[in-house]
Amino acid sequence: MKNLMLLLSLVLAMPLTAKENVEQVDKDTLIEVYEFCVNEQFEVETDLKVLLDCINEAVDFLGFQRFSTMNEVERRMEIEVSP
């Protein structure tokens, strides 16, 4: 719930940007979105496709560029995500 409130506060604080000028999400925001999405999955094993979809929905809503793969997310956060 705490992460959800943080995500919502980030959404409200972000200015709306035009879709043609989409920028990459900053590392700290991406980590918060990632943690929120991981916590939303109730399964024991994380489904990387569902996780990527969740991350993309959140960053798209925030006005940032979407990711094609979890490898892109990992590189941006500078961590390794295990399946």
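**Notebook: helix packing around α2**

I started with α2 and helix α4 (residues 70-77): their axes come within 9 Å and cross at roughly 130°. Axes here are lines fitted to C-alpha atoms, for helices over the stretch in contact, with angles from 0 to 180 degrees between N-to-C directions. That angle makes α2 oblique to α4 (under 35 degrees is roughly parallel, over 145 roughly antiparallel, 65 to 115 roughly perpendicular, the rest oblique). Helices are DSSP runs (H or I, at least four residues), numbered from the N terminus.

This is a predicted model, where local features need pLDDT of at least 70, side-chain atom pairs count only at pLDDT 80 or more, and totals for chains, interfaces and linings use all residues. Residues are numbered from 1 along each chain as its sequence is written, and side-chain values use heavy atoms, without hydrogens and water.

I checked confidence next (pLDDT, the predictor's own, from 0 to 100 per residue). The protein has a mean pLDDT of 78, with 67% of its residues at 70 or more.

I looked up the contact (heavy atoms within 4.5 Å). From α2 come K27, L30, I31 and Y34; from α4, M70, V73, R76 and M77. I sorted these residues into six nonpolar, no polar and two charged. Ala, Val, Leu, Ile, Met, Phe, Trp, Tyr, Cys and Pro count as nonpolar, Asp, Glu, Lys and Arg as charged, and the others, Gly among them, as polar.

Then I took α2 (residues 27-40) against α3 (residues 48-61). Their axes come within 9 Å and cross at roughly 135°. The two helices are therefore oblique to each other. On the α2 side I listed L30, V33, Y34, C37 and V38; on the α3 side, L51, C54, I55, A58 and V59. This contact has ten nonpolar, no polar and no charged residues.

Last, I searched the whole structure for disulfides (cysteine sulfur atoms within 2.5 Å) and found one. C37 and C54 form a disulfide, with sulfur atoms 2.1 Å apart. The S-S torsion is about -80°, so the disulfide is left-handed. C37 sits in α2 and C54 in α3, so the pair ties together parts 17 residues apart in sequence.
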